[in-house]
Amino acid sequence: MKKEKKVEAFYDNVCNQYNSFEFRVCDAILEHFLIESLPQNKKLKILDVGGGIGRFSKPLLENGHSLVLTDISQGMLDQAKNLLKHFSNIEFHKGSVINLKHPHQEFDIVIMMNSILDYCGDHVQAIKEAFRVLKKGGLLIGNVNNRLIYCKNHELRDGDYDLFEQNMKTGDRYITWGKQEEGHMSHEFTLNELNETLLAGGFTIKKILGIFNLLDKYEMEKIKDKKAFIKLQTKYAGYEEYINNSSDFFFVAEKPL
């Protein structure tokens with residue numbers, strides 16, 4: 001609960017930085033793989049967990065799917081309601097990913113985009129909740145941070161070798177950004193841990209991809225020809241031998257029939 005309150009306060013403080021769907025290369029790549037992973041030619045009921053301002057709800061709504069967007073931050077929800085006000089096929093709920101207020105087997109798809117599992121405070125419980133609210137045959141789709149890359153780019157680069165080894169061992173890191181004085185804890189995943197967590201939660205793993213394995217996802221924004229780069233990165237995301245180069249792991253898991 002304490003971890004959740006930290007995350008809630010953090011995003012309430014930064015929510016005004018998210019007042020538009022500003023283009024980001026990393027989000028465009030995530031959207032590509034999200035849309036590609038959905039069942040085709042079918043209108044779906046989708047739960048966007050930790051959906052923030054609705055960056056990934058928006059293209060799903062435009063494709064005619066029904067959405068429920070939940071977020072722990074009221075500030076982020078208010079931004080989402082404003083940015084998505086022209087859509088009628090969406091509901092908004094304030095709530096926690098580890099205690100979803102939805103009936104069993106209600107959704108065809110649950111999405112957890114942009115590191116919701118890292119930030120939620122209890123990723124094991126979050127997986128259990130996703131499993132509970134999904135219909136049989138339903139999909140859990142999301143992405144998590146790669147522990148190796150994040151610890152390398154921060155603690156190791158800063159020369160704090162003891163903290164690097166500690167965080168590599170546990171996966172738990174204290175993070176802050178957006179000029180905030182106070183941050184929150186994040187749990188970064190190894191590839192093995194992600195596999196084991198999904199399987200322990202009852203899911204069948206359909207795919208795990210290293211979708212940012214050419215450049216760090218924040219370095220991508222400096223690319224001049226963004227369209228060409230996105231095309232190249234979507235190609236190389238399928239190369240299993242480069243998966244641990246990726247700053248994020250993208251996953252699709254299925255609740256068995």
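## Strand pairing

Two strands count as paired if DSSP finds at least two bridges between them; strands (E, at least two residues) and helices (H or I, at least four) are DSSP runs, numbered from the N terminus. In this predicted model, local features need pLDDT of at least 70 and side-chain atom pairs count only at pLDDT 80 or more, while totals for chains, interfaces and linings use all residues. Residues are numbered from 1 along each chain as its sequence is written, and side-chain values use heavy atoms, with hydrogens and water left out.

Strands β2 (residues 66-71) and β3 (residues 90-94) run parallel and are joined by 5 bridges. Within this pairing, Val 68 has Glu 91 of β3 as its bridge partner. Between β2 and β3 the chain passes through helix α4 (residues 74-83), giving a right-handed β-α-β crossover (with the strands pointing away from the viewer, the path from the first strand over the helix to the second runs clockwise).

## Aromatic pairs

The whole structure contains 9 aromatic pairs. Rings of Phe, Tyr and Trp (its six-membered ring) pair if their centres lie within 6.5 Å; planes under 30 degrees apart are stacked, over 60 edge-to-face and the rest tilted. Phe 33 and Phe 250 make a tilted pair, at 5.9 Å centre to centre with 45 degrees between the planes. Because Phe 33 lies in helix α2 (residues 25-37) and Phe 250 in strand β9 (residues 248-254), the pair ties together parts 217 residues apart in sequence. Phe 33 and Phe 250 are both buried (under 20% relative accessible area with a 1.4 Å probe, protein chains only; exposed is over 50%, partly exposed in between).

The ring centres of Phe 131 and Phe 203 are 5.2 Å apart and their planes stand at 85 degrees, so this pair is edge-to-face. Phe 131 is in helix α6 and Phe 203 in the loop between α9 (191-200) and β8 (204-209), 72 residues apart. Phe 131 is partly exposed at 23% relative accessibility, whereas Phe 203 is buried at 3%.

Phe 10, Tyr 11, Tyr 119 and Trp 177 form one aromatic cluster.

## Second largest pocket

The second largest pocket holds about 210 Å³ of space. Among its 17 lining residues, Lys 3, Asp 118, Gly 121, Met 185 and Ser 186 are the closest to its centre. A pocket is an open set of points on a 1 Å grid over the protein atoms alone where a 1.4 Å probe fits, with protein on both sides within 12 Å along at least five of seven lines; lining residues have an atom within 4 Å of a point.

Elements that each supply at least two lining residues are α1 (2-14), α5 (116-119), α6 (123-133), β6 (172-175) and β7 (184-187).

Methods
Grid points are joined across faces, edges and corners, and a volume is the space filled by probe spheres set on the points.
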